[in-house]
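Q: Please take a close look at one part of this model, the aromatic rings and what surrounds them. Keep it brisk.

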Amino acid sequence: MMKKRCLLFLLNLILINSCLSQAQSLEKNLYNLYDNLTQTQNNEVYNGLEYVDLDRRLSPDDHKFYGSFNLIPGSVIYNRQPYYNLKLKYDLLEDVVVVHFIDANHIRLNSKLVTSFAIGDNNAFVRLPFRKSLASFYGHGFFKEAYKGNGYSLYIKYIKKKVEKIKDQKIYSVFNDSEVYVIQNGETFFEASRIKEVTKAIPEKEDLIKLFYKNYSRLYRSNRRDFLVRLLKSLDN
């Protein structure tokens, strides 16, 4: 009798998960259908300022966008409305999301209306609330969600700075990139690019953090993101 009840419970759980997954897929398909039925130019995501890239590049690989200079398939939640199957760019210099419109035209989204967006594979960005601890690099508030756990989360702020150089009597833009790591502990956000900042962000786990750093110091130096993700996962367990 007990085995039968356990089996029924597991079957119900599987059925619920399957229904939730199908419901999410159906919701996405319905939004796509609505967007296809309505005229593209009438969708709110396309109502914005025109985006014009005026930078002249020295190298095809040197640009101000996340990932690629070219448009990347993605999605966005804009003014609480999800939009799928878009072609996007994320301008790291101005910290704005750019959506392809018609032909070679691009629209600059109002950052205050962007809740989150995804660009390419496994690249989800969210707009974090403003905090004084983030002020020096906040921009318009877009951070990549690198890890989201039960107790702690990790976000990455990608930044590009421009330097102008003259070649053949023409001005070219050269871009330097950097990253800032942010740990969320409860409702508080901390810059955590260095190990001392990590212990400050999570003082209740200071001993465990120091031990983890001792065991994985090589990873800390070679790949800061992977180090922090593995650290937070271990602290969440």
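A: Start with a charge over rings. In this predicted model, the charged end of K89 sits over the ring of F65, 4.4 Å from the ring centre. The charged end of K89 also sits over the ring of F69, here 3.9 Å from the centre.

Next come the ring pairs. A search of the whole structure finds 20 aromatic pairs. Take Y90 and F142: the ring centres are 6.1 Å apart and the planes stand at 90 degrees, so this pair is edge-to-face. The cut-off for that label is over 60 degrees. The pair links distant parts of the chain. Y90 lies in strand β3 (residues 81-91), F142 in strand β8, and 52 residues separate them.

Are these two residues buried or exposed? Y90 has 1% relative accessibility, so Y90 counts as buried. F142 also has 1% relative accessibility and therefore counts as buried. The limit for buried is under 20%.

Y90 and F142 also belong to one aromatic cluster.

Strand β8 leads on to a helix. The buried residues of α5 pack against β8 (142-148). They pack against β9 (152-167) and β10 (170-185) as well. The helices α2 (195-201), α3 (206-215) and α4 (217-222) complete the list of partners. On α5, the buried residues are F227, L228, V229, L231, L232, L235 and D236.

Helix α5 covers residues 224-236. At 1.5 Å a residue, its 13 residues should span 18 Å. The end C-alpha atoms are 18 Å apart, so the model agrees with that expectation.

Methods: Residues numbered from 1 in each chain as written. Predicted model: local features only at pLDDT ≥ 70, side-chain atom pairs only at ≥ 80, totals over all residues. Heavy atoms only, no water. Helix = DSSP H or I, 4+ residues; strand = E, 2+ residues; numbered from the N terminus. Expected span 1.5 Å × (residues − 1). Buried < 20%, exposed > 50% of the residue type's maximum accessible area, 1.4 Å probe, protein only. Contact = heavy atoms within 4.5 Å. Phe/Tyr/Trp six-rings, centres within 6.5 Å; stacked < 30°, edge-to-face > 60°. Lys NZ or Arg CZ within 6 Å of the ring centre and 35° of its normal.
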